[in-house]
Amino acid sequence: MRPTRCCVACRKRNDKNNLIRIVADKGGNAIYDKEQKMNARAIYLCRNIECLKNIKKCIMKDKFKSKENMKIDSLLKLIDELEIEVGE
């Protein structure tokens, strides 16, 4: 059985490999873990524009809380970059 994770934006469960994995480095900066091998707690997002826009909206309304202690400005910048990558 393949590992599944939940998207923090839409709450749908999906195969771990089909989701975007974001981790925080020791400084709290958000990093896109493409290889999904970094040893850290992570948040997962679906690979679609809707989920990326929804999570950005939640962050802007201060409704997003994470146990990973990510810097919000770093996470927003990463999401902007991911929107460009996913939109292609």
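**Legends to close-up views of a predicted model**

**View 1. Overall fold of the predicted protein.** The secondary structure comes to two helices and five strands, where helices (H or I, at least four residues) and strands (E, at least two) are DSSP runs numbered from the N terminus. Read along the sequence, these elements follow the pattern β-β-β-β-β-α-α. The radius of gyration is 12 Å, close to the 12 Å that the globule rule gives for 88 residues, so the protein is as compact as a globular protein of that length; the radius is taken over C-alpha atoms, and the rule is 2.2 Å times the number of residues to the power 0.38. The C-alpha trace spans about 35 × 30 × 25 Å along its principal axes. This is a predicted model, in which local features need pLDDT of at least 70 and side-chain atom pairs count only at pLDDT 80 or more, whereas totals for chains, interfaces and linings use all residues. Residues are numbered from 1 along each chain as its sequence is written, and side-chain values use heavy atoms, with hydrogens and water left out.

View 2. Helix α1 (residues 49–60) has 12 residues and reaches 16 Å from its first C-alpha to its last, close to the 16 Å expected at 1.5 Å a residue, the expected span being 1.5 Å times one less than the number of residues. Its buried residues are Cys51, Leu52, Ile55 and Ile59 (buried means under 20% relative accessible area, exposed over 50%, partly exposed in between, with a 1.4 Å probe and protein chains only). Seen down the axis of α1, these buried residues fall within an arc of 100°, so they line one face of the helix; the arc is that of the directions from the helix axis to the C-beta atoms. On the other side of α1, Glu50 and Met60 are exposed.

**View 3. Packing and ends of α1.** The buried residues of α1 pack against β3 (19–24), β5 (42–46) and α2 (72–87), with contact meaning heavy atoms within 4.5 Å.

**View 4. Surroundings of Arg13.** Arg13 is found in strand β2 (residues 13–15) and, at 58% relative accessibility, counts as exposed. Not counting residues up to four places away in sequence, Arg13 touches Thr4, Arg5 and Cys6.
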